[in-house]
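The stops below run from the whole chain to a single residue pair.

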Amino acid sequence: MPPVLRIFKGSLLLGTALVDGESTLVELAEDAGIEIPTNCTSGTCGTCIVRLIEGEIALDDPLPPGLDDYLVKQGARLGCIGIANGDVSIDILPPL
């Protein structure tokens, strides 16, 4: 079975999308009819921050300007550049 991105708003499951290993979280959410707000689409502004509930979304090293160590420890990931690795669940509530 292909990996799935589950998109939550709090405890409410908004939708799912099949993970292809190439599309960003924002692109996958759009496929599911869900909008994750974006601005720069390059990881700079942080507008698209989501909270990782479970699974793996790789982080750039060094971290892009839209994230810092504190936010990452709280589960923050950037939807505009984040790529899901396997089954992933995210929360699109303002995360932190």
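A residue counts as buried under 20% relative accessible area, as exposed over 50%, and as partly exposed in between, with a 1.4 Å probe and protein chains only. By that cut-off, 41% of the 96 residues of the protein are buried. The model is predicted, so local features need pLDDT of at least 70 and side-chain atom pairs count only at pLDDT 80 or more, while totals for chains, interfaces and linings use all residues. Residues are numbered from 1 along each chain as its sequence is written, and side-chain values use heavy atoms, with hydrogens and water left out.

Select the C-alpha atoms. They fill a box of roughly 35 × 25 × 25 Å along the principal axes.

Switch to cartoon. The protein has two helices and five strands, in the sequence pattern β-β-α-β-α-β-β. Helices (H or I, at least four residues) and strands (E, at least two) are DSSP runs, numbered from the N terminus.

Select the strands. What order do the five strands take in the open sheet? The order is β2-β1-β5-β3-β4, with mixed pairing; two strands pair if DSSP finds at least two bridges between them. At the edges are β2 (12–18) and β4 (76–78), each with a single partner strand, so one side of each has no neighbour in the sheet. From one strand to the next, the twist averages 40°, where axes are lines fitted to C-alpha atoms and angles run from 0 to 180 degrees between N-to-C directions.

Finally, select β3 (residues 49–57) with β4: the two pair in the antiparallel sense over three bridges. Zoom to valine 50, which stands opposite arginine 77 in β4.
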